[in-house]
Amino acid sequence: MTPVSLPPVAMARTKRTRRAMTKTIPAIVSAGRKTKPNPLLLVLLLSLCLADTSGAATNPSLSPNTNSNTNANTKKRLNEETLNQNLLKMEYAVRGTVVIAADRIAGELRNGSKQTPTTTKKHPFSKIVYTNIGNPQSVGQKPLTWPRQVSALVDLPNEVGIDHPKAQELFPADAIARAREIKRGLGGHGSGAYSHSKGAACFREDVLSFLRQRDGEEVPTDIEDVFLANGASAAISHLLTALVSDPACGIMIPTPQYPIYSATIDLLGGRRVGYYLDERNKWNLNLEELERSLKEAREQGTNVVGFVLINPGNPTGAVLSREAVRDVVRFCSRHNLVLLADEVYQENVYDEDAEFYSCKRAAYDVGFLGSEPGTEAIELASFHSTSKGVFGECGRRGGYMELTGFDQTIKDQLYKLASASLCSGLNGQCMTALMCRGPSPGDESYESHEAEKTAIFESLKKRARIVEEGLDAIPGFSCQPAQGSMYCFPSVELPQGAIDRAREEGKTPDTLYALSLLERTGICVVPASGFGQEAGRYGFRTTFLPPEDDMARSVEAMKVHHQEFCERYS
């Protein structure tokens with residue numbers, strides 16, 4: 001007979017049973033000398049002992065590695081069929097196929113292996129140059145000193161921070177004073193406690209101060225209309241959640257656009273209504289195109305409820321004129337569309353002949369903001385972020401949404417939606433406040449803070465020219481001026497052989513191109529197809545955030561690669 005091997009749990013149980021039996025059976029036998037033992041009781045005890053020994057080997061429920069309720073042939077409850085199909089449909093290009101490949105290669109380089117999984121050929125580069133996403137500090141931008149000093153003091157317990165005897169030796173007086181002011185505004189709790197769901201009032205007051213300085217004291221503002229959020233993206237998601245009430249709801253979005261809009265609309269089950277920007281006219285808006293897009297969507301049964309404006313543009317780098325912004329405001333008012341004004345790059349304007357002009361100011365200038373609440377002729381939501389500008393504090397997840405012209409009922413519902421997440425991160429709220437209100441003239445840190453901001457801005461401006469002019473000079477490339485934001489969006493002529501190969505491989509042609517660029521140069525860009533473009537156009541989006549030398553080398557590498565790519569597929 002083959003001996004039975006028991007799992008550890010069953011072995012332990014068997015040993016305990018045997019020990020019990022060695023005590024129980026002799027006791028019964030001893031008692032039987034005085035009184036006759038019950039034979040049935042003896043048989044029962046022996047059978048229990050044997051059952052405990054053999055049952056563990058035959059009963060799967062006694063094995064610690066087996067679940068008797070699990071059927072090996074049963075599918076997982078959550079699979080591609082049961083998954084929310086809107087999530088399956090959703091795509092987010094800036095962290096898509098090319099970036100996944102870049103991360104894999106970066107891992108190989110970090111591990112000292114310069115060989116790909118499929119070939120013995122070494123990578124012809126020593127690092128990945130990530131130009132796929134607007135993440136300044138990940139590619140070398142240093143954080144601004146004063147905001148980090150204040151943030152550190154807000155985070156630290158008082159005894160080792162603002163009240164430490166040597167605090168004045170480590171931190172400037174204005175940083176200590178601001179941190180002390182913030183801690184008072186947070187009720188003495190510091191940054192570790194929940195705040196109001198719209199954001200701490202002291203931080204929202206700083207946002208109001210910024211808005212009044214930007215748009216003018218005469219433009220109405222209200223602290224209850226400001227919501228602090230985990231970056232502009234979270235606030236955009238909240239507003240779109242409120243707007244897309246059924247599958248027939250559509251949102252007008254620019255083509256090309258930043259994929260947060262297409263991804264969120266898809267996730268919510270709404271409809272994208274694209275309007276084309278005019279590449280031949282520096283990616284400007286065309287009112288005829290807006291009317292065409294809206295009319296066509298309505299004829300197809302779409303209930304168009306909102307309009308997205310990204311200014312300065314992502315991915316285009318365009319900065320709209322005052323009249324163009326006013327045209328959009330009038331268009332939205334005329335057609336009763338909620339205007340979502342994505343203005344996160346408002347500090348990133350490099351063209352001397354361009355300027356940022358907010359939708360809020362435009363609405364005031366055309367007479368759409370009444371003197372009394374509820375009399376506005378437009379519903380406008382404006383967004384800003386600490387991730388862009390010269391702060392580049394992407395990881396802090398700070399930003400705000402300002403509502404203008406919405407009914408109180410809707411503001412209450414958006415407040416409820418924000419409350420479901422309790423509050424946005426306090427570090428992000430704090431950084432938003434410091435972005436909106438920095439040190440004042442005459443403060444100890446004012447000049448150094450302004451000098452740091454200027455240095456970052458001027459370097460961005462220089463890098464914008466390097467990339468824009470360098471790409472536009474490559475035969476087969478066309479790149480519109482980068483008037484603002486952090487991106488260039490060139491169009492690239494591709495040989496028919498590359499287009500055919502991409503179709504064979506189930507890729508878009510510019511994805512094939514971007515993967516080739518990555519594998520041969522180490523430069524990671526985002527295929528233009530991820531942002532939307534006219535049929536037959538191909539290209540990519542690149543930031544100009546890496547250091548100036550890296551960007552200059554990257555442009556030259558792109559030139560060499562394009563020539564080689566065209567020869568390969570001609």
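**Figure 1. Overview of the predicted model.** This is a predicted model, in which local features need pLDDT of at least 70 and side-chain atom pairs count only at pLDDT 80 or more, while totals for chains, interfaces and linings use all residues. Residues are numbered from 1 along each chain as its sequence is written, and side-chain values use heavy atoms, with hydrogens and water left out. The protein chain contains 19 helices and 14 strands; helices (H or I, at least four residues) and strands (E, at least two) are DSSP runs numbered from the N terminus. Of its 570 residues, 49% count as buried, where buried means under 20% relative accessible area, exposed over 50% and partly exposed in between, with a 1.4 Å probe and protein chains only.

Figure 2. Helix H7 covers residues 173-185. Its 13 residues should span 18 Å at 1.5 Å a residue, and the end C-alpha atoms are 18 Å apart, which agrees; the expected span is 1.5 Å times one less than the number of residues. Buried in H7 are Asp174, Ala175, Ile176, Arg178, Ala179, Ile182 and Lys183. These buried residues pack against helices H5 (145-155), H6 (167-170), H8 (201-215), H15 (426-436) and H16 (446-472), a contact being heavy atoms within 4.5 Å. After H7 comes Gly187, with a positive phi near 75°.

**Figure 3. Strand S2 beside strand S8.** Strand S2 (residues 226-229) is covered on both faces: Val226 and Leu228 are buried on one side, Phe227 and Ala229 on the other. In a regular strand the side chains alternate between the two faces of the sheet. S2 pairs with strand S8 (residues 399-404) in the antiparallel sense over four bridges; two strands pair if DSSP finds at least two bridges between them. Phe227 has Met401 of S8 as its bridge partner.

**Figure 4. An open sheet of three strands.** The strand order is S10-S14-S13, with antiparallel pairing. Strands S10 (487-488) and S13 (526-527) are the edge strands, each pairing on one side only. Two bridges link S10 to strand S14 (residues 540-543), and Tyr487 stands opposite Thr543 in S14.

**Figure 5. The cavities and their linings.** There are two cavities of 30 Å³ or more. On a 1 Å grid over the protein atoms alone, a cavity is a set of points where a 1.4 Å probe fits but cannot get out, and lining residues have an atom within 4 Å of a point. Grid points are joined across faces, edges and corners, and a volume is the space filled by probe spheres set on the points. The largest cavity has a volume of about 100 Å³; of its 15 lining residues, the closest to its centre are Leu277, Trp283, Ile310, Gly313 and Thr316. The second largest cavity holds about 30 Å³, and its lining includes Trp283, Thr316, Tyr487 and Phe489.

**Figure 6. Backbone features in loops.** Trp283, in the loop between strand S4 (271-276) and helix H11 (287-299), has a positive phi of about 60° although it is not a glycine. Trp283 is buried, with a relative accessible area of 5%. A cis peptide bond joins Asn314 and Pro315, with omega about 20°.

Key
1 Å grid on protein atoms, 1.4 Å probe; cavity = no way out; pocket = protein on both sides within 12 Å on 5 of 7 lines; lining within 4 Å.
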